[in-house]
Amino acid sequence: MSGQTLTLDEVRWIAHLARLELSEAELEMMTRQLGAIVEYVAQLQTLDTEGVEPLAHALPVSNVFRDDVPGEPLPVDQAVAAAPDRRVTPRGERFFAVPAVLE
Amino acid sequence: MNTQKYHIVVGLEVHVQLLTRTKLFCGCGTVFGAAPNSQTCPVCLGLPGSLPVMNRRAFELGLRAALALNCSIARFTKWDRKNYYYPDLPKNYQISQYDLPLGSEGWLEINTSQGIKRIGIIRCHLEEDAGKMLHDERGTGRDSLVDLNRTGTPLLEIVSKPELSSPEEARLYLEEMRLLMRELGVSDCEMQEGSLRCDANVNIRIPQAEGGGVLATPIVEIKNLNSFRFLEQAVRYEAQRQYEQWQKDPGYLLGKVSKATAGWDEASGRTVFQRRKEEAADYRYFPDPDLIPVIVDDAWLERIRGELGELPSAMRKRLGTQYGLSEYDVGVLMSLGRQTVAYFEETARVCQDAKAAVNWITNQVQATLKDRGGDLAELPLSAQRLGELIAKQKELGLNKQTAQAVYDKMLHEDLEVAAAIEALQIRVVTDTNAVVELVRAAIAANPKAVADYKKGKTAAANVLKGAVMRQTKGSVRADVVEAVLKEELERG
Ligand SMILES: [Zn+2]
């Protein structure tokens, strides 16, 4: 039954959406492993859930808010510190830098 | 018989930025124009281990807007993740509301030339904004820069039904939406700052010869229209473009050609098509486990309803019926905002002449505000005083220039109307005998005008009237002078 729940193309698509580059061997392995997970979860669908409310959250709480009061933001140099690349403009502005995006 | 070649169908997706001090899920500020990346924290940067907490104010502003748009309010809402990759979205997902939007099935009324039209609202929901990208426009292939200040700013997305049937209606809808959101204090709707944004979904329906039914072209979504004018122009252009494309290619039909996305190029006045995305959007929405649901009970909803005040559509109707104002005058007043409407109502109550009050407020008062800057609250001339001035002008029959002089005096020296009239030494002649004297003197001093008048040139009377008015600096009622003059001339 394994491999029937998910197709190779579906896994290829999921990998693309997650921006993962998988080799053909990895794709086959993932199809098998993900398929097993889907099958495992599919067992739940055999349960009778008639009249059971869908659960939006695992915790039995709701309506947790904060007031609209400003907090302290991160200093700019710390904000951009963890980025793979940064740029400081001649005016001293600090940006995250990413490969050129067209359009 | 309808001779139109096609009918335009438009639905709008409007994003308004909510007037909060902080972001939707963190305490970072939302001020426009701050130094790049100076308004961020671990939550809105999407750093591991950080947890979002909902801004109560943002939620309540959303409720307020949804109520004003006559929506059904979801008593139970949750938050969902919309997953996609783009450098302006540091978490790689946007927190939004997917299957349980805050409001659904509402409407907004617009005032068209054919009367009031109700435009359906499919849904409105809260979501967080993305950051801002700066691309190298010169195409040197240099890196793009990212400013994440805007990331996480609260937005309300409002999706209309495709019930707008002309470029004008689309514009009217957006204008009405802006007025409503401003009046409610939900958003400042500054288009230049991006706090009101609009995407238009456009297609056309082409009636066929008898028995041929109606054909429809594929939907084109025009993104990021940032002015009323561009919206109107873009819809008009795109509708005609679709018609021409269908004429060239009869297969250009809804269901056969998939939806496309375009931008509006204001320089060329055309819609510009973005490279067709190969993939269908696949956002893999799922409930955000970091956020807990919101339950809205009756008490909360009633409190928000109580904060709404009079909605623009109701106010528009009331101003028309209560004061007998024209649609035009009501429109001008409303466009100046709720504060001006209140000022008008007080002025009209005092002077008992709504039309004169509108004229004074939309002309002199607006000119004054433009000169001085600031708003009505800072104007030294209260509505009470303006009302008294208008009443006095009518009572004494002051002409426009004199009334303007009194207005200026009241404004600059902070005076009551009586004190201003006195300070200006305006001699108000109310005694008819005195007017007769003045008229006789003018007749005696202008024999040529009198002779002309007798020859049938009735316009010559204006010369005499002008002489009287000049002499009294406009302090006599023009209608009284006219009547006396006529009598004196006929008698002689
Ligand atoms: Zn933040």
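**Legends to the close-up views**

The secondary structure of chain A comprises three helices and three strands. The model shown is predicted.

**View 1. Order of the elements in chain A.**

**View 2. Overall dimensions and burial in chain A.** The C-alpha trace of chain A spans about 60 × 45 × 25 Å along its principal axes. Its radius of gyration is 23 Å, whereas a compact globule of 103 residues would have one near 13 Å. Of the 103 residues in chain A, 10% count as buried.

**View 3. Length of helix α10 in chain B.** Helix α10 of chain B covers residues 400-413. Its 14 residues should span 20 Å at 1.5 Å a residue, and because the end C-alpha atoms are 20 Å apart, the model agrees with this expectation. After α10(B) comes Asp414(B), whose phi is positive, near 55 degrees.

**View 4. The buried residues of α10(B) and their surroundings.** The buried residues of this helix are Thr402(B), Ala403(B), Val406(B), Tyr407(B), Met410(B) and Leu411(B). An α-helix has 3.6 residues a turn, so residues three or four places apart point the same way. Which helices of chain B do the buried residues of α10(B) pack against? They pack against α8 (354-372), α9 (383-396) and α11 (417-423) of chain B.

Note on methods
Residues are numbered from 1 along each chain as its sequence is written. Chains are lettered from A and ligands numbered from 1 in the order in which they are written. This is a predicted model: local features need pLDDT of at least 70, side-chain atom pairs count only at pLDDT 80 or more; totals for chains, interfaces and linings use all residues. Helices (H or I, at least four residues) and strands (E, at least two) are DSSP runs, numbered from the N terminus. The expected span of a helix is 1.5 Å times one less than its number of residues. A residue is buried if 20 or more other C-beta atoms lie within 10 Å of its own, exposed if 12 or fewer, and partly exposed in between; C-beta atoms are placed from the backbone. Two residues are in contact if their C-beta atoms, placed from the backbone, lie within 7 Å. The radius of gyration is taken over C-alpha atoms; the globule rule is 2.2 Å times the number of residues to the power 0.38.
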